[in-house]
Amino acid sequence: MIRALSLVLALVPVFCAGPARSWIAEQGRVRIVYEVPKAPEAHTIYREMRARHLLEGLRETLGIIRLPRSLTLRLAECGGEVNAWYAPTTRSVTVCYEFIQDVQSRAPKDVSPTGVTRHQAIMGSIAHVFLHEIGHALFHLLDVPVLGREEDAADQFAALLLLRLGPAQARKIIDGSAFLFASYAGEEKMEKGDFANDHGLFRQRFYNLLCLAYGSDKRTFGYLADRGDLPEERTANCAAEYDQVAFAMDRLFGRHLRSDRMARERTRRGFRWTF
Ligand SMILES: [Zn+2]
């Protein structure tokens, strides 16, 4: 009886009356939190993301994974910091409203010269950053060994998950997040700090993402090579790069995944909020 009651309670959204008046909901092992921001610009984003069911969609997608412990997905105001991270001590992924504001300021007003819409640039980037941080979270929660830089592995996790959506949706999100990488790359000074950073250079992260996309499906992503976004020297090996990452993903995550058709459908449904 207690178990049944706690299950019911776990499915009911909790309207927290505390000082932050966050909107919190728990379902299964994933807890989602929309913190109510003070800054008016962030408040607009808060309302939009709530209306789009951003965190609910991500939670649905995470339903394909058997999580051994709880995980929190959080949108929060970060005192002006443009950032996103996973904190192992609290098992929480945080994306700052400031990060979304920064993405909005970089997005094209309407459509970029390469055809990326404002909406794609914003929602694609948000999708990618959440999945990158969820990648870190799953390496930790599922005790997944990482060979090589964890930042690269988290990017690969995000890309592979996106590439397993339908081709049309994957293309929109990949194009959107590549737009953000290209924007950051334009500001890279190529100084000592950039090379010493535990993340790859944004220029490299841009090409890595495009190469995995192209390697996954030349028909859907052939335009990346045709218009010269991916240089020929790189395209030659992209199918092998994709296969290597897909092999690692299947080996490392396979036993934690619900692999039935319903689970795959759940991943797609989870991304309804993007487009
Ligand atoms: Zn990271």
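**Exercise 1.** Which residues of β6 are buried on one side, and which on the other?

*Solution.* The model is predicted, with local features requiring pLDDT of at least 70 and side-chain atom pairs counting only at pLDDT 80 or more, while totals for chains, interfaces and linings use all residues. Residues are numbered from 1 along each chain as its sequence is written, and side-chain values use heavy atoms, with hydrogens and water left out.

Begin with the terms: buried means under 20% relative accessible area, exposed over 50%, and partly exposed in between, computed with a 1.4 Å probe on protein chains only. Helices (H or I, at least four residues) and strands (E, at least two) are DSSP runs numbered from the N terminus. Ser92, Thr94 and Cys96 are buried on one side of β6, and Val93 and Val95 are buried on the other, so that both faces are covered. In a regular strand the side chains alternate between the two faces of the sheet. Finally, because 5 of the 5 residues of β6 (residues 92-96) are buried, the strand is largely enclosed by the rest of the structure.

**Exercise 2.** Identify the strands that pair with β6, and describe the loop that leads from β5 to β6.

*Solution.* Two strands count as paired if DSSP finds at least two bridges between them. Strand β4 (residues 71-76) pairs with β6 in the parallel sense over 5 bridges, and within this pairing alanine 76 has cysteine 96 as its bridge partner. Strand β5 (residues 84-87) pairs with β6 in the antiparallel sense over 4 bridges, with tryptophan 85 standing opposite threonine 94.

The hairpin of β5 and β6 has 4 residues between the strands. Arginine 91, which lies in this loop, has a positive phi of about 50° although it is not a glycine. Most residues other than glycine have a negative phi. With 22% relative accessibility, arginine 91 counts as partly exposed.

**Exercise 3.** Determine how α7 and α10 are arranged, and list residues through which they meet.

*Solution.* Axes are lines fitted to C-alpha atoms, for helices over the stretch in contact, and angles run from 0 to 180 degrees between N-to-C directions. The two helices pack at an angle of about 25°, with their axes 10 Å apart. Angles under 35 degrees count as roughly parallel, over 145 as roughly antiparallel, 65 to 115 as roughly perpendicular, and the rest as oblique; α7 and α10 are therefore roughly parallel to each other.

With contact taken as heavy atoms within 4.5 Å, Pro167, Ala170, Arg171, Ile174 and Asp175 in α7 meet Thr220, Phe221 and Tyr223 in α10.

**Exercise 4.** Is isoleucine 174 buried or exposed, and which residues does it contact beyond its neighbours within four places in sequence?

*Solution.* Isoleucine 174 belongs to helix α7, and at 0% relative accessibility it counts as buried. Leaving aside neighbours within four places in sequence, isoleucine 174 is in contact with Leu162, Leu163, Leu209, Ala213 and Phe221. The C-alpha atoms of isoleucine 174 and glycine 124 are separated by 6.5 Å, although these residues are 50 apart along the chain.

To place two of these contacts, turn to helix α9 (residues 202-216), whose buried residues include Leu209 and Ala213. The elements covering the buried residues of α9 include α7 (167-185) and α10 (218-226), as well as α5 (118-141) and α12 (238-253).

Conventions:
The expected span of a helix is 1.5 Å times one less than its number of residues.
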